[in-house]
Amino acid sequence: MEFHYKRIIVKVGSNVITRDDGLPDYYRLEQLVTQLAKIREYGIEVILVSSGAVASGRSLITPKEAKQPVTIRQLLSSVGQVKLINTYSRLFEVFDILCAQVLVTKEDFRDRVHYLNMKNCLNSLLQHNIIPVVNENDVVSVTELMFTDNDELAGLIASMLNADALIILSNIDGIFNGDPKLATSSVIEKIDKIAFDLNNIIKPEKSSFGRGGMLTKASIAKKVAKLGICVHIANGKKNNVLLDLLDGKLLHTQFLPEKKKSGAKKWIAHAEGAANGAVKLNQGACQVLTSGKVSSLLPIGIIDIIGDFKKGDIVRIIGEDNMLIGLGITQYSAEKARERIGLKNQKPLVHYDYFYSIH
């Protein structure tokens, strides 16, 4: 195999395992499971992040028209998730493989205790040779509590479990250098720190059955690659897609990983939604923190403390223009930080080991 991975996250989108009529594509599901079973034979640990609960629900029930869209989603997913996990269970059984259902919400990643409990659960499943099948709990996740889509969830799981690679299966071959419908456009095969603006290339279109488009996938891929995890975006509608990808035979987009980050930084990177307050820095401090050198956030570079936070909270770190430059875990409270604004020879508010730069 060209890629020597020991642990991979495979994310399959609803547009891959759903037919044009909105019902589940059982042929594609069977193909997917067969490939995952083969990958397991190579000694690679697999975590599957799978959409498809709503489509499975749609195959069982027709909602009454008067219902709100969120209520319909809850209805279809609660019924459909049972069928989806049973389908996976039946397909994996053919290969004598056990799978487990893991339903999560965004709140589980904001709380450090929940985060570590979930991490321990997933690691325990892997130690017992069980394939975790992860999905968002749409029954309790609504509006602002929802993930952007399962690409975001897959990125969080990849970071949490220190995976070697995240493979995102969509319905096109990867990221193109133009409109995929034009013959003049071609797949960008390797992306390293991205020397161009993807916003100018990717149209913010959404798929028929999913919540996130290719721009979402690319932005999440950038963040995950920055944390030291290789990301592949490939066409899940192609037969043998996973095995061909791992054998280096598949045309697709690969985001090359940067240096591995610590477990704490991986959590912080995805925890903006859990931030309490913000720390505003002067231009010099911003340049030092984003230079890539080992630097902590010192009070001498702080010009304002916004909101309130306690020791151990996550804070947003912003520049004079209010643009986000990173996230960090505080070593003392907002009250103490205000007392030390601009002072020399003070304890760092955020130590380098607990600072994540978005640049």
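**Two helices side by side**

Modeller: In this predicted model, α6 and α7 are roughly parallel to each other, a label for angles under 35 degrees, where helices are DSSP runs (H or I) of at least four residues, numbered from the N terminus.

Biologist: Which residues of α6 and α7 make the contact?

Modeller: On the α6 side they are Asp151, Glu152 and Gly155, and on the α7 side Lys217, Ile220 and Val224, with contact meaning heavy atoms within 4.5 Å.

Biologist: And how far apart should the ends of α7 be?

Modeller: At 1.5 Å a residue, its 13 residues should span 18 Å, and the end C-alpha atoms are 18 Å apart, which agrees; the expected span is 1.5 Å times one less than the number of residues.

Biologist: Which residues in α7 are buried?

Modeller: Among them are Met214, Thr216, Ala218 and Ala221, where buried means under 20% relative accessible area with a 1.4 Å probe, protein chains only. The buried residues of α7 pack against several elements, including β1 (7–12) and β5 (165–170), the strands being DSSP runs (E) of at least two residues.

Biologist: What happens just after α7?

Modeller: Gly228 takes a positive phi of about 100° there.

Biologist: Changing topic, where does Lys38 lie?

Modeller: Lys38 lies in helix α1, residues 26–41, and its C-alpha atom is separated by 8.2 Å from that of Leu243, 205 residues apart along the chain.

Biologist: Anything about the numbering and the model?

Modeller: Residues are numbered from 1 along each chain as its sequence is written. Local features need pLDDT of at least 70, side-chain atom pairs count only at pLDDT 80 or more, totals for chains, interfaces and linings use all residues, and side-chain values use heavy atoms, leaving out hydrogens and water.

Terms used:
Parallel < 35°, antiparallel > 145°, perpendicular 65-115°, else oblique. Buried < 20%, exposed > 50% of the residue type's maximum accessible area, 1.4 Å probe, protein only.
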